[in-house]
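The following exercises are to be worked through with the sequence and the model side by side. Each task is followed by a solution in steps.

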Amino acid sequence: MPTTYEPIATTTLSTATASVTFSSISGTYTDLVVVINGLYSGTTYGKFTFNSDTTASNYSYTRMLGYSGGVLSDRSGGTDGISLGSTRGTWIAHIQNYANSTTYKTVLARENAAGTGVGAYVYLWRNTAAITSVTFTGVSGNFDSTTTFTLYGIKAA
Amino acid sequence: MATTYEAIATVTVGSGGAASIEFTSIPATYTDLKIVYSARNNRVDTTDHILIGFNGGTTSITNRQLYGFATSVGSITSVPRSVGYVNSASATTNTFSNAEVYIPNYTSSNYKSYSADNVDENNTSGDNGLWLTAGLWSSTSAITSISLTSNIGTAFVQYSTATLYGIKNS
């Protein structure tokens with residue numbers, strides 16, 4: 001049986017770090033999956049960017065959240081949404097059809113921090129370029145040591 | 001290239017039902033675990049919570065859940081081991097709830113965070129819908145066994161199934 005779900009890269013932080021990048025992502029897969037597991041010290045959400053494009057207006061999202069204050073659904077510009085909490089959390093994202101060069105890119109993500117909130121996000125990057133790198137940034141703090149970042153590739157055939 | 005996404009074990013409930021679904025002696029050779037289940041239980045109601053446990057225990061587990069029903073939405077922490085609703089005896093015949101539970105770094109010495117997505121649609125206006133769960137087992141022990149049980153019901157019914165997958169990051 002052909003292998004259709006492959007690890008591309010993984011890193012485990014040994015010290016608190018503000019930014020992690022997976023670069024030189026090949027176009028040989030159909031979809032990408034990112035799994036982040038760990039701790040984040042920031043008081044605001046972390047975020048991600050593709051291909052070093054830091055222009056916030058190129059990104060947008062819609063989300064629904066459950067948290068101590070209740071529930072909400074809203075939308076905004078940017079890619080804020082990485083929340084791991086102070087007790088350890090998990091952020092999982094699916095990046096569909098990332099290597100095509102004709103469509104904008106859509107990301108489905110799940111935020112999981114039992115101490116703070118649970119949510120589902122849909123992101124849009126308004127750029128037709130193939131995704132070749134993704135950077136995760138702790139906007140107001142660091143990803144703490146022991147936090148793991150793993151990038152998987154999924155092949156449709 | 002080595003296979004990195006493997007089925008470890010599958011449980012299928014037989015005609016007598018089963019009080020729990022158990023995965024034991026989970027090898028430590030993977031990075032992450034994923035459980036995919038389709039289940040229904042015998043509670044005399046339309047739904048019940050399905051509960052997760054680790055290493056034979058039920059303590060030190062907390063969660064935050066977001067649910068959407070036919071006409072309402074909410075967020076709770078009151079059933080700390082819940083990973084969502086399971087269709088029960090009064091639900092539409094032949095309907096089973098489906099779910100995925102993802103557990104990264106299950107052998108690490110850090111606390112274990114997990115994610116669950118659950119659906120329990122049965123074509124009624126009752127409490128069926130979807131659940132998103134952020135869970136945390138505050139233990140530094142490696143996960144070696146996982147149990148799924150019911151909150152009020154006493155058994156999963158025949159044809160309930162669950163599969164445990166192991167995922168390697170290298």
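**Exercise 1. Determine which residue stands opposite A:Arg110 in strand 9 of chain A, and describe the pairing around strand 9.**

Solution. Step 1: A:Arg110 stands opposite A:Ala120. Strands here are DSSP runs of E with at least two residues, numbered from the N terminus, and helices would be runs of H or I with at least four. The model is a predicted one, in which local features need pLDDT of at least 70 and side-chain atom pairs count only at pLDDT 80 or more, while totals for chains, interfaces and linings use all residues. Residues are numbered from 1 along each chain as its sequence is written, and chains are lettered from A and ligands numbered from 1 in the order in which they are written.

Step 1: Strand 8 (residues 105-113) runs antiparallel to strand 9 in chain A, and nine bridges join them; two strands count as paired if DSSP finds at least two bridges between them. These two strands of chain A form a hairpin, with three residues between them.

Step 2: Strand 9 (residues 117-125) of chain A is also joined by nine bridges to strand 5 (residues 59-67), again antiparallel. There, A:Ala120 is the bridge partner of A:Met64.

**Exercise 2. Summarise chain A as a whole: how many helices and strands does it have?**

Solution. Step 1: Chain A has zero helices and eleven strands.

Step 1: Of its 157 residues, 38% are buried, that is, with 20 or more other C-beta atoms (placed from the backbone) within 10 Å of their own; 12 or fewer means exposed, and values in between mean partly exposed.

Step 2: Among contacts of chain A with a separation of 6 or more, 76% join residues 24 or more positions apart; a contact requires C-beta atoms, placed from the backbone, within 7 Å.

**Exercise 3. Characterise the contact between the chains: how many residues does each chain supply?**

Solution. Step 1: Chain A supplies 30 residues and chain B supplies 29.

Step 1: Strand 5 (61-68), strand 6 (73-76), strand 9 (112-119) and strand 10 (130-137) of chain B each give at least two residues to the side that touches chain A.

**Exercise 4. Describe the setting of B:Ser60: where is it placed?**

Solution. Step 1: B:Ser60 is in the loop between strand 4 (47-54) and strand 5 of chain B.

Step 1: B:Ser60 is partly exposed, because 13 other C-beta atoms lie within 10 Å.

Step 2: Leaving aside neighbours within four places in sequence, B:Ser60 is in contact with B:Trp137, B:Ser138 and B:Ser139.

Key:
Contact = placed C-beta atoms within 7 Å.
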